[in-house]
Amino acid sequence: MADHNDRTPNIPGQRQEHPADNGQDLNFPPPPSPSLEEKEPRMVALREWWDDAWDDGGFLHDRWEDLRQAPELGWHSMANWVKAALGLAGICAVIILLDTATDVLGDSIRRLLTAVPHVQVGADTSTGVFAVVDQPIRSYIAAHSASLPISASTVYTVWQAVGLFGLVGGFFRSSGARLTWTAFGASSIAMVYSAAPADGRTIATGLAVLAWTAASAFALRGLSLRPTFFTHIHNAGHQIEPHIHLPAPAAPPVDDTPDNVHPLQKR
């Protein structure tokens, strides 16, 4: 005998679902899935834009024609955006080259400045008349550069390089180089006067002044202390102004003859 209470147990907390509750029949196939265009509308729109851009008159097609015709048209006739792109690429290349060249040049200058022998106070490294001027300068630099972040030999090398620059640049009549040469001579004379021995200070300073003056004949060549007068002569010159003169039209003949004028008659 069948049990009339044979039913699906009702477990609390769980929902019993039946196919009839959802309104679907298991015998029918599932609904069709959405198409690709409905799933990816952005990709479809992007593909359409890509195709339109490469058609005749499209944005990408015109840009490609500008690039293709640039070598034939030359710099003056090519498209402006191609010129801007080439100019920007050139500027970037120059910046990269300058950055590399600056590093190489700085390293070379650093090696050059540190390659000179160290300056020592009272060291007899020069001989002859040149030692009278050079020795006090070396001693002054060595005594006053101890607290600097660079060595005394570097300062001495820079001092020589500045003097050479002023001499050569002044020879080619550069105003900035001549000002540098003047400051170089004044500072050199001051260092000689300060570091020279007390009993020979006057002679050393005088020789430094004479040496700088003699070298100034090359650095300051062509420089004159005479005031220059400029006279401007204004000459307007001859001015030619063409004029066209038209003769006055002849007066029309007068039909009425005066009463006091009679033609000659033969008698």
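The dialogue below goes from the overall layout to helices, the surface, rings and charges.

Q: Before anything else, what kind of model is this, and how are residues numbered?
A: This is a predicted model, where local features need pLDDT of at least 70, side-chain atom pairs count only at pLDDT 80 or more, and totals for chains, interfaces and linings use all residues. Residues are numbered from 1 along each chain as its sequence is written, and side-chain values use heavy atoms, with hydrogens and water left out.

Q: How many helices and strands are there?
A: Helices (H or I, at least four residues) and strands (E, at least two) are DSSP runs, numbered from the N terminus. In this protein you get 8 helices and 0 strands, so along the sequence the pattern reads α-α-α-α-α-α-α-α.

Q: How much of the protein is buried?
A: Buried means under 20% relative accessible area, exposed means over 50%, and partly exposed lies in between (1.4 Å probe, protein chains only). Here, buried residues make up 19% of the 267 residues.

Q: What follows α6?
A: Arg173 does, and its phi is positive, near 60 degrees. That is a positive value in a residue other than glycine. Arg173 sits in the loop between α6 and α7 (175–195).

Q: Now the surface. Which residues form the nonpolar patch?
A: Patches are made of residues with over 30% relative accessible area and no salt bridge; like charges are joined within 9 Å, and nonpolar side chains (Val, Leu, Ile, Met, Phe, Trp, Tyr) within 5 Å. The areas come from the Shrake-Rupley method with a 1.4 Å probe, and for residues only the protein chains shown count as cover. In this model, Met43, Leu46, Trp49, Trp50, Trp54, Trp64, Leu67 and Trp81 form a nonpolar patch with about 890 Å² of accessible area together. The largest share, 4 residues, comes from α2. Trp54 is in the loop between α2 and α3, and with a relative accessible area of 38% Trp54 is partly exposed.

Q: How do I describe a pair of aromatic rings?
A: You give the distance of the centres and the angle of the planes. Rings of Phe, Tyr and Trp (its six-membered ring) pair if their centres lie within 6.5 Å; planes under 30 degrees apart count as stacked, over 60 as edge-to-face and the rest as tilted. The whole structure has 5 aromatic pairs. Take Phe171 and Phe172: their ring centres are 5.5 Å apart and their planes are at 90 degrees, so this pair is edge-to-face. Phe171 is partly exposed at 33% relative accessibility, while Phe172 is exposed at 61%. Elsewhere, ring pairs link Tyr156, Trp159, Trp181 and Phe184 into a cluster.

Q: Which charges sit over rings?
A: The rule asks for NZ of Lys or CZ of Arg within 6 Å of the ring centre and within 35 degrees of the ring normal. The charged end of Arg138 sits over the ring of Tyr156, 4.7 Å from its centre. Arg201 lies over the face of Tyr193, at 5.4 Å from the ring centre.

Q: And how many salt bridges are there?
A: A salt bridge is a side-chain nitrogen of Lys or Arg within 4 Å of a carboxyl oxygen of Asp or Glu. The count comes to 2. One joins Asp66 and Arg63 at 3.4 Å, N to O; the side chains of Arg68 and Glu65 meet in a salt bridge at 2.5 Å, N to O.
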